[in-house]
2 protein chains.
Amino acid sequence: MRELGEFAVIDRITAQHAQAPHVLLGPGDDAALVAAPDGRFVVSTDMLVEGRHFRRDWSDPVDIGRKAIAQNAADIVAMGARPTAFVVALGCPADTPVEVLEGIAAGMAAEAGRAGGSVAGGDLVRSEQLVVSVTAFGDLGGRAAILRSGAVAGDIVAVAGDLGWSAAGLAVLSGGADASDPAFAQALAAHRVPQPPYAAVLDVGGDVAPTALTDVSDGLLADLGHLATASGVSIDVHRAALADADLAAVAALLDADAAQWILAGGEDHAFAGTWPAGTALPPGWRPIGVVAAGSGVTVDGAAPTGGTGWESFRGADATSGHPNR
Amino acid sequence: MRELGEFAVIDRITAQHAQAPHVLLGPGDDAALVAAPDGRFVVSTDMLVEGRHFRRDWSDPVDIGRKAIAQNAADIVAMGARPTAFVVALGCPADTPVEVLEGIAAGMAAEAGRAGGSVAGGDLVRSEQLVVSVTAFGDLGGRAAILRSGAVAGDIVAVAGDLGWSAAGLAVLSGGADASDPAFAQALAAHRVPQPPYAAVLDVGGDVAPTALTDVSDGLLADLGHLATASGVSIDVHRAALADADLAAVAALLDADAAQWILAGGEDHAFAGTWPAGTALPPGWRPIGVVAAGSGVTVDGAAPTGGTGWESFRGADATSGHPNR
């Protein structure tokens with residue numbers, strides 16, 4: 001990296017990847033130019049820090065790149081928008097092998113493509129830790145954004161995508177279990193590269209739509225808590241509806257509690273939404289609870305026990321099961 | 001910071017600052033929503049790392065926030081676009097006083113307002129170093145973007161804004177000079193908070209426009225080099241046109257070379273553009289050279305001596321005068 005210099009590395013990374021149709025001008029000038037067909041764009045930004053959001057001994061560079069894009073794309077889709085483009089600022093030590101940066105860039109390009117966009121530009125600087133900051137853009141196609149604040153009493157609470165598997169993978173890695181055991185493969189993959197079910201939101205079609213929507217990044221109960229607060233409602237989650245026999249089998253091997261992973265694990269970037277009572281839920285969605293008047297989130301009518309989710313600055317002291325974030 | 005937790009800090013920071021008209025939905029949901037009136041948006045991202053792009057003992061939090069926004073806004077304006085909004089990802093140690101973050105946020109809000117936008121959203125995570133990643137957006141108002149690639153032989157090369165003052169301030173701070181000496185006040189201010197002359201680009205009016213444009217972030221010769229390469233031309237800069245008696249007086253106090261600061265200093269975020277021969281340059285612009293056929297950048301017809309600019313990963317070994325970046 002030090003040998004090549006910033007500009008050469010940027011050239012080398014950006015030259016390899018094609019641009020999506022929305023990127024009107026890609027890397028190489030003072031700024032990029034991106035199409036915003038409906039006259040607005042949705043934007044979200046997330047920073048990932050080595051040792052906290054990922055570890056190089058647990059994830060390869062391609063996985064790190066995919067995860068960084070996936071968690072940002074999930075925020076875009078959680079507004080009901082279709083991802084169009086991403087920009088990336090990356091800080092790394094001067095002795096970082098250029099192959100690591102190329103791997104991250106390749107992972108980013110792959111996940112950006114899966115989400116529907118491409119990496120339109122970036123910045124590369126020197127830092128002590130590897131730090132990846134992604135900003136994601138999306139287009140609403142003329143529709144209203146789906147906010148966290150639209151839930152009303154009587155709505156169905158539903159989820160699309162897996163829950164708890166990323167936490168399970170983290171438990172395998174941090175607990176010293178045998179990571180080569182095939183029984184842990186699904187959990188490890190989920191932790192290394194979340195797979196947000198973009199299509200479950202974007203390809204619903206017809207007249208049905210969630211009244212409120214979020215992605216599950218901090219933990220199901222925490223994120224439903226944000227949604228309930230924004231909407232001025234309460235939410236009750238049904239534990240039985242969240243049961244996952246495969247995840248329970250993994251938990252049994254580690255003497256862990258699968259329900260805790262599901263309720264508080266976060267990082268799977270599933271989508272949680274509320275739907276009008278009586279809605280025939282679209283493919284990929286399963287009902288897990290109901291919205292009522294009041295405030296707060298309960299599980300089978302009772303206050304949840306254990307940690308309810310993750311906050312960056314308090315998590316290491318809490319019981320959320322995310323010591324590495 | 002650790003006591004308050006991420007969400008409380010974000011609430012505390014974002015609640016204090018009003019949003020610009022282009023921000024249709026600010027912080028608090030999975031993503032923000034920003035207007036893009038002409039169906040496109042310009043976007044640029046830059047990361048600032050403590051100890052490299054700024055030092056807490058040299059700059060107060062408000063200055064750091066202003067600088068982070070200014071350098072990104074300059075990239076937007078260097079495309080001919082008007083800044084509309086910014087998003088910010090910030091990593092910091094858990095023991096960072098919340099007042100530091102509030103200061104950075106206040107500086108960001110102030111400079112965003114000066115540039116014409118506001119901070120629409122962000123992310124706050126824990127990291128070992130203070131890292132600030134800003135992504136800036138702008139609107140072209142239906143015009144074509146002004147690229148680096150539009151210069152043609154015969155064009156006038158002109159500059160708007162100060163050059164070399166940021167490097168002078170850095171020399172004061174890094175050389176152990178008396179920073180309280182009033183003779184250094186202008187240089188220190190320029191280093192701590194660059195003042196890109198946004199209006200010189202955005203309020204030109206009439207039919208005149210640069211054929212190519214960039215901001216001076218890496219150093220005048222380096223950035224003109226990028227422009228010359230993109231346009232497939234050569235550029236000759238006239239040393240006499242760049243002379244600055246006030247800066248020379250500062251240089252004399254430090255036994256330094258003002259011309260080197262001007263040619264290679266960077267970080268002032270002045271604008272350098274090429275204009276058709278015969279153009280009556282708009283207010284704020286001064287001619288400094290000419291475009292010709294060929295390639296490369298010369299000073300009074302000769303290859304430049306000394307460092308020509310800054311690259312993040314090689315700068316500490318070069319002679320660019322930016323040991324702290």
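User: Which residue follows α4(A), and what is its phi?
Analyst: Helix α4(A) is followed by A:Gly176, with a positive phi near 80°. Helices (H or I, at least four residues) and strands (E, at least two) are DSSP runs, numbered from the N terminus. This is a predicted model, in which local features need pLDDT of at least 70 and side-chain atom pairs count only at pLDDT 80 or more, while totals for chains, interfaces and linings use all residues. Residues are numbered from 1 along each chain as its sequence is written, chains are lettered from A and ligands numbered from 1 in the order in which they are written, and side-chain values use heavy atoms, leaving out hydrogens and water.

User: Why is α4 of chain A largely enclosed?
Analyst: Helix α4 (residues 165–174) of chain A is largely enclosed by the rest of the structure because 8 of its 10 residues are buried. Buried means under 20% relative accessible area, exposed over 50%, and partly exposed in between (1.4 Å probe, protein chains only).

User: Which residues of α4(A) are buried, and what covers them?
Analyst: The buried residues of α4(A) are A:Trp165, A:Ser166, A:Ala167, A:Ala168, A:Gly169, A:Leu170, A:Val172 and A:Leu173. Their cover includes α5 (185–192), α9 (245–254) and α10 (258–264) of chain A; a contact here means heavy atoms within 4.5 Å.

User: Stepping back, how many helices and strands does chain A have?
Analyst: Chain A has 10 helices and 12 strands. Of its 325 residues, 58% count as buried. Among contacts in chain A between residues at least 6 apart in sequence, 84% join residues at least 24 apart.

User: What does the accessible surface of chain A come to?
Analyst: The accessible surface of chain A is about 11300 Å², and 54% of that belongs to carbon and sulfur atoms. Accessible areas come from the Shrake-Rupley method with a 1.4 Å probe, and for residues, only the protein chains shown count as cover.

User: New topic. Where does UniProt place the feature "binding site"?
Analyst: The unreviewed UniProt entry places that feature at A:Asp46 and A:Asp75. Although spread over 30 residues of sequence, they cluster in space, with a largest C-alpha distance of 9.4 Å. UniProt positions are given in the numbering used here, feature names are shortened, and annotations may be inferred rather than shown by experiment.

User: Is A:Asp46 buried or exposed, and what is it in contact with?
Analyst: A:Asp46 lies in strand β3 (residues 40–49) of chain A. A:Asp46 counts as buried because its relative accessible area is 12%. Leaving aside neighbours within four places in sequence, A:Asp46 is in contact with A:Gln71, A:Asn72, A:Asp75, A:Val132, A:Ser133, A:Val134 and B:Asp123.

User: And what does A:Asp75 touch?
Analyst: A:Asp75 is placed in helix α2 (residues 61–77) of chain A and is buried, with a relative accessible area of 8%. Not counting residues up to four places away in sequence, A:Asp75 touches A:Ser44, A:Asp46, A:Asp215, B:Asp30 and B:Ala31. The side chain of A:Asp75 also makes a polar contact with the side chain of A:Ser44, at 3.3 Å. A polar contact is a pair of N or O atoms within 3.5 Å; within protein, one must be able to donate a hydrogen and the other to accept it, and residues adjacent in sequence count only if both atoms are side-chain atoms.

User: What order does the open sheet of 6 strands have?
Analyst: The order is β1(A)-β2(A)-β3(B)-β6(B)-β4(B)-β5(B), with mixed pairing. The edge strands are β1 (23–25) of chain A and β5 (118–126) of chain B, each of which pairs on one side only. From one strand to the next, the twist averages 25°. Two strands pair if DSSP finds at least two bridges between them.

User: In which sense do β4 and β6 of chain B pair?
Analyst: Strands β4 (residues 82–92) and β6 (residues 131–139) of chain B pair in the antiparallel sense over 9 bridges. B:Val134 in β6(B) is the bridge partner of B:Val88.

User: Which strands does helix α2 of chain B lie across?
Analyst: Helix α2 (residues 61–77) of chain B lies across β3 (40–49), β4, β5 and β6 of chain B, running at about 145° to β3(B). Axes are lines fitted to C-alpha atoms, for helices over the stretch in contact, and angles run from 0 to 180 degrees between N-to-C directions.

User: Finally, where is B:Phe184?
Analyst: B:Phe184 is in the loop between α4 (165–174) and α5 (185–192) of chain B. At 4% relative accessibility, B:Phe184 counts as buried.
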